[in-house]
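Thanks for making time this morning.

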Amino acid sequence: MQAISVQQPWAFAIARGGKSVCNQPLPTAYRGPVLIHASMRVDLKACDSPLVQRAGWNPRDPLATLGAVIAVAEVVDVCSATATNGSCDCGPWAEPGAHHWRLAEVLPLPRPVVALGRPGLWEPQPTLVTEVRTMLAATAALHRS
């Protein structure tokens, strides 16, 4: 499993608001599960974005926190069309000129898990992965009963 740090409110929009594209300066060959880490930085202008507002942005929501893992997703594809001056149909969340890491099966965590992040794709500590997996398993068990 890998992780990626994303500024708020974009991380929140991935976790709660259906943002299925993570705009990145570089492509990745990685496909698979990724922890969505809310970095310690906030894109203040984005907080007023109509897309972010439609995603339900609420700074009081626990998943609007900073410095914590807030969701798990699958990186299923990367579209680099706009990064090479082409066009794509990655949707309204896709920024021109970026590589669009397409996300699927996003699962918001029941509560944030505090962790240090870093730029780009990074490998989380095994204890962090175990804590997230345990939390998701417990949540799934609650929904089955």
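What follows is a short walk through the salt bridges, pair by pair.

Please keep in mind that this is a predicted model. A search of the whole structure finds four salt bridges, and I will begin with the one between D61 and R16, whose closest N and O atoms lie 2.9 Å apart. This pair links distant parts of the chain, since D61 sits in the loop between α2 and β4 while R16 belongs to helix α1, 45 residues away. Is D61 buried or exposed? With a relative accessible area of 16%, D61 is buried, because the cut-off for that label is under 20%, whereas R16, at 42%, is partly exposed.

Let me turn to D77, which forms a salt bridge with R31, the closest N and O atoms being 4.0 Å apart. Here again distant parts of the chain are linked, with D77 in strand β4 and R31 in the loop between β2 and β3, 46 residues apart. D77 is partly exposed at a relative accessible area of 30%, and R31 is also partly exposed, with 39%.

Finally, the side chains of R111 and E131 meet in a salt bridge, with 3.4 Å from N to O. R111 lies in strand β5 and E131 in helix α3, so that pair, 20 residues apart, links distant parts of the chain as well. R111 is partly exposed at 43% relative accessibility, and E131, with a relative accessible area of 33%, is likewise partly exposed.

Definitions and conventions: Residues are numbered from 1 along each chain as its sequence is written. This is a predicted model: local features need pLDDT of at least 70, side-chain atom pairs count only at pLDDT 80 or more; totals for chains, interfaces and linings use all residues. Side-chain values use heavy atoms; hydrogens and water are left out. Helices (H or I, at least four residues) and strands (E, at least two) are DSSP runs, numbered from the N terminus. Buried means under 20% relative accessible area, exposed over 50%, partly exposed in between (1.4 Å probe, protein chains only).
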